[in-house]
Amino acid sequence: MLLHALCDALLGALGLGDIGQHFPDTDLRWKGADSRASCATARVCFTSHRYRLVNADLTLLAEAPRLGHHRAAMRANLAADLETTADRINVKATTCEGLGAIGRAEGLACHAVVLIAHADGGSHGHGHGHSHGR
């Protein structure tokens, strides 16, 4: 779920839809596919559009499992998949304190926020934020 949220955030930041558009669950090619592959594909998308990842912030909402002992490995794996450094990836978890379906441990959720920047540091082609110094 964490990888799906990250992939959606990366694709969304580029305006390229969501994971379901690129890897539809109705397509048997993706049945049982490794979620890390979808993240790698999203990375290729933002690289081919000449963007780079500035940072990614991921939050898992769940009563269990506890992530504390796995956080460093998760950051390292995500950084490797996205061809960046672990200091650009933040992974955190929180509980719902017994409230709702997540609080009753009937499911979990994940939020992902990414910041991307044009790889050359200039305008991203939409005319926003471009300035000229003298």
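The dialogue below goes through some features of a predicted model.

User: What should I know before reading values from this model?
Analyst: Residues are numbered from 1 along each chain as its sequence is written, and side-chain values use heavy atoms, with hydrogens and water left out. The model is predicted: local features need pLDDT of at least 70, side-chain atom pairs count only at pLDDT 80 or more, and totals for chains, interfaces and linings use all residues.

User: How many helices and strands does the protein have, and in what order do the elements run?
Analyst: Helices (H or I, at least four residues) and strands (E, at least two) are DSSP runs, numbered from the N terminus. Here there are five helices and three strands. The order from the N terminus is α-α-α-β-α-β-α-β.

User: Which strands does β1 pair with, and in what sense?
Analyst: Two strands pair if DSSP finds at least two bridges between them. Strand β1 (residues 51-61) is joined to β3 by ten bridges, and the two run antiparallel. Six bridges link β1 to β2 in the parallel sense.

User: What is the handedness of the unit made by β1, α4 and β2?
Analyst: A crossover is right-handed if, with the strands pointing away from the viewer, the path from the first strand over the helix to the second runs clockwise. The β-α-β unit of β1, α4 and β2 is right-handed.

User: How many disulfides are there?
Analyst: A disulfide is a covalent bond between the sulfur atoms of two cysteines. In the search, the criterion is a pair of cysteine sulfur atoms within 2.5 Å. The whole structure has zero disulfides. For cysteine 96, the closest cysteine sulfur is that of cysteine 110, and at 12 Å it is too far for a bond.

User: Are cysteine 7 and cysteine 96 buried or exposed?
Analyst: Buried means under 20% relative accessible area, exposed over 50%, and partly exposed in between (1.4 Å probe, protein chains only). Cysteine 7 is buried because its relative accessibility is 0%. Cysteine 96 also counts as buried, because its value is 19%. Of the 134 residues of the protein, 31% count as buried.

User: Which residues other than glycine have a positive phi?
Analyst: Most residues other than glycine have a negative phi. Glutamate 83 has a positive phi of about 55°, and alanine 105 has one of about 65°. Glutamate 83 is in the loop between α4 (71-81) and β2, and its 60% relative accessibility makes it exposed. Alanine 105 lies in the loop between α5 and β3 (109-118); at 58% relative accessibility, alanine 105 is exposed as well.

User: Where is threonine 95, and what does it touch?
Analyst: Threonine 95 sits in the loop between β2 (89-94) and α5 (100-103). Contact means heavy atoms within 4.5 Å. Leaving aside residues up to four places away in sequence, threonine 95 touches Ala62, Glu63 and Arg66.

User: Which side chain makes a polar contact with that of threonine 95?
Analyst: A polar contact is a pair of N or O atoms within 3.5 Å; within protein, one must be able to donate a hydrogen and the other to accept it, and residues adjacent in sequence count only if both atoms are side-chain atoms. The partner of threonine 95 is the side chain of glutamate 97, at 3.1 Å.
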